[in-house]
Amino acid sequence: MTDDLGFLTRAVELSRLCPPSETAFSVGAVIVGADGEVLSEGYSRELDPQNHAEEAALAKLPADDPRLRTATVYSSLEPCGERASRPVPCARLIIAAGIPRVVVAWREPDLFVAACQGTALLEAAGIEVVELPELAEAARAVNAHLLAP
């Protein structure tokens, strides 16, 4: 991808659309095809109160969409490796979709889940995970109400 920063910036922008929550992060996600076309976008709690951003974006595409096999997911926060509200965490949804690449702004802090394993699950499945820390502060700012001392 030639515009990782631009697509991840869009994911951070989407995170600002999330209905506020005291028990979940506000996250945005963009799925981009190998040709640079935006295939789908989503954000936390967009479709229902339990939705995560990656889950919302994936739900807008057919599960067998062949473009997913060469796509990149851009997420303002590391995809979850476990969750209480659904049986399948976002990292496993990405693996099941066959997406080969994920770009994140920020690793999930130990707030709701100790030692998030999203990145480890993705990498163990052979998925390339890229972190762009220059957008981490913008991703954290959307969630400042959760991170305040």
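In this predicted model, Phe 25 and Trp 106 are both buried. Their ring centres lie 5.6 Å apart with the planes at 80°, and the pair is therefore edge-to-face, as angles over 60 degrees are classed. Phe 25 belongs to the loop between α1 and β1, whereas Trp 106 belongs to the loop between β4 and α4 (118-124), so that the pair links parts of the chain 81 residues apart.

The count of aromatic pairs comes to two. In the pair of Phe 7 and Tyr 74, the distance is 5.3 Å centre to centre and the angle between the planes is 40°, a tilted arrangement. This pair also links distant parts of the chain, with Phe 7 in helix α1 and Tyr 74 in strand β3, 67 residues apart. Phe 7 and Tyr 74 are both buried.

The strands form an open sheet of five, in the order β2-β1-β3-β4-β5 and with mixed pairing. Strands β2 and β5 (128-131) are at the edges and have a single partner strand each, so one side of each lacks a neighbour in the sheet. From one strand to the next, the twist averages 15°. Helix α1 (residues 4-15) packs on this sheet and touches β1, β2, β3 (72-75) and β4 (101-104); the direction of α1 makes about 140° with that of β1.

Strands β1 (residues 28-32) and β2 (residues 38-43) run antiparallel and are joined by five bridges. Gly 28 is placed opposite Tyr 43 in β2, and Ala 29 has Gly 42 as its bridge partner. The two strands form a hairpin with five residues between them, and in the turn Gly 36 has a positive phi of about 90°.

Notes. Residues are numbered from 1 along each chain as its sequence is written. This is a predicted model: local features need pLDDT of at least 70, side-chain atom pairs count only at pLDDT 80 or more; totals for chains, interfaces and linings use all residues. Side-chain values use heavy atoms; hydrogens and water are left out. Two strands pair if DSSP finds at least two bridges between them. Helices (H or I, at least four residues) and strands (E, at least two) are DSSP runs, numbered from the N terminus. Axes are lines fitted to C-alpha atoms, for helices over the stretch in contact, and angles run from 0 to 180 degrees between N-to-C directions. Contact means heavy atoms within 4.5 Å. Rings of Phe, Tyr and Trp (its six-membered ring) pair if their centres lie within 6.5 Å; planes under 30 degrees apart count as stacked, over 60 as edge-to-face and the rest as tilted. Buried means under 20% relative accessible area, exposed over 50%, partly exposed in between (1.4 Å probe, protein chains only).
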